[in-house]
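The structure is shown below.

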Amino acid sequence: MSFETAKMVDQEDKMTTTDTSPAESAGTAPEGMRVHNLDIFYGNFLAVRNVSMDIEPRAITALIGPSGCGKSTFLRSLNRMHEEIQGARVEGTVTLDGVDLYGPGVDPVVVRRQIGMVFQRPNPFPTMSIAENVLAGMRLNSKKLSKSKANEIVESSLRGANLWEEVKNRLDQPGSGLSGGQQQRLCIARAIAVQPRVLLMDEPCSALDPISTMAIESLMLELKSSYTIVIVTHNMQQAARVSDRTAFFNIDGTGQPGYVVEMDATEKIFSNPTQQATSDYVTGRFG
Amino acid sequence: MTSELATTSLDLGLSSRPLSRTTIPAIAILSLVLAQIVTRVFSGGGSVVATLVIAGPTNLAITYVVSRRREGSRRAIDRMVTAVVYSLMTLALAPLVSVVWTTVDRGLARFDGELFTSTMRSVVGDGGGVKHAIIGTVIITGLAAAMAVPIGLFTGIYLVEYGKKSRLARLVVSMVDVMTGIPSIVAGLFAYALFSQFQGPGARSGFAGSVALAVLMTPIVVRSTQEMLRLVPNELREASYALGVSKWRTIVKVVLPTAVSGLLTGVSLAIARVIGETAPLLIAAGLAQDTNTNPFSGRMTSLPVMSYYGYAAPGFPPEAGYDRGWSAALLLIIIVLVIFSVSRILGRVLRPKGLR
């Protein structure tokens, strides 16, 4: 598919601009993300301890677990968004296609261009129209775009987010005039417009009604053919419906660090988990 | 049995006979009339202040008693508190209305063409105008804004986006608080002393005046910028960061445009605050009778200073000086209104489309 090859070329292009990339990973099939012995701190407080997991490329990985167990913190550490909170730091390694994201000289801004994020509450830019929102990733980085190229990106991204048919006649209207579900799909369109390799989703459906949730879920299933997706969700049915692999996070008590209890294929986690805690959680006995 | 139940449910007090809409205003008018009678009987005069002082509590008392008899104590207290709120609002508005009314009334006497076209050069009595003071006000306030707005905006951006809770930021915040409390005369003395260092003792200039005003203006701009930037939801910053946009670009292209309407209001409030300053300009910029367009040398007059001298040194006949003073004050109020209107319109045009 031409879209696919275009993406690969684009990836090569990006890798050279990051100037942190080992040559061998450029052009080869993506290996996904590898997290090794990751501890996440806020100041001296250990929030998440010793996470090791492989996030497979072109698949959906779900992170489930009770509130406050560090799922979102972990997710945000994957594209270094957690650094926006003062005093946040990590120990351990996170690699994307072999490149250590926390290596010396790696710019978190460049990391985030490769690993996009969709948030719990839809957050389109209120100063921008629908089309401008989609182009925000390029325009804010003052990348020069020809008019035709811009239109092309707007259409392909909105189509990719299943929103094109609904908004094609009002692209110049403000993005905040859309419904919650449409706004969230606009945010997904905005995230995929910059062609990231990984898409992180932090409870993307928790502020949406069931119909919008269904739209986003079917969108995720379409997107996984081109993107690596990691989703945090409180909705276990959602994890069971969309994800290929599931990691269960837990916490021993308030003030204790969160940790990964187990990670496996989604069917295994929901039908026959190895740990008692996982089984209790997925069957609704706690959490 | 069932009919008994129905009657008791009606007796729960769910229904009442509310006062008619005209009762409350009628009571207010009645109390005013009563107060007028009382003041006439006891002092013969019937002064406005005495009437209002008596009418207020009388109104509260009658409202409470009437409402209590008809509607019960809860509604009566509600009515009384409403009356208190309205009375105090009237009390707060009274000086404002009085000031505006007096200024318009007296200022219109000399609000003619000559006022705008002539200066005070070789004018002793009748005639003369405030052209030089209008030009002085525009130059002095404009220069002050040109200094204070960038400094204030960037300090506000630093405090909200970069400094956060660091030691330096806390130090800056407390310095800004101290600056807010500086009496304006001190700012004037500061500017006067500063320019005496360069230009010799007794030097006065428009620029010295604008430095004094900038000292007063900066903390106001910092404060309002801080408040407005804090209102920008953090989610928008995160959305921008998640697209791989750097921090400075996020501030310039996302945070500032979202807050622009509030920032404009803050700046225009700060301008309005200093445009009427008299004391620091008396010291730092002095008084001139003629137009001076060079802010760096020679004295320069502004409208409030002109207004002040209209009374302090009215000339002969003094009425001419008084009238010019009032006209200058009226013009100042109009200029402030224009600044506010322009900033409101600009703010509305630039405001994020989704929030309209």
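In which loop of chain A is Gln195(A) found? In this predicted model, Gln195(A) is found in the loop between α7 (180-193) and β7 (198-202) of chain A.

## Positive phi in chain A

Most residues other than glycine have a negative phi. Gln195(A), which is not a glycine, has a positive phi of about 50°. Gln195(A) counts as buried because it has 21 C-beta neighbours inside 10 Å, the threshold being 20 or more.

Asp97(A) also has a positive phi, near 45°, and is a residue other than glycine. The loop that holds Asp97(A) lies between β4 (88-96) and β5 (99-100) of chain A. Asp97(A) has 23 C-beta neighbours inside 10 Å and therefore counts as buried.

## A cis peptide bond in chain B

Most peptide bonds are trans. The bond that joins Phe316(B) and Pro317(B), however, is cis, with omega at about -5°. Pro317(B) is located in the loop between α13 (303-312) and α14 (318-350) of chain B.

## Contact between chains A and B

Chain A gives 25 residues to the contact, and chain B gives 21 residues. On the side of chain A that touches chain B, the elements giving two or more residues are α3 (108-114), β6 (115-118) and α4 (130-139) of chain A. The largest share of this side, 4 residues, comes from α3(A).

By class, the side of chain A that touches chain B has 11 nonpolar, 9 polar and 5 charged residues.

Technical notes:
Residues numbered from 1 in each chain as written. Chains lettered and ligands numbered in written order. Predicted model: local features only at pLDDT ≥ 70, side-chain atom pairs only at ≥ 80, totals over all residues. Buried ≥ 20, exposed ≤ 12 C-beta atoms within 10 Å, placed from the backbone. Contact = placed C-beta atoms within 7 Å. Nonpolar A, V, L, I, M, F, W, Y, C, P; charged D, E, K, R; others polar.
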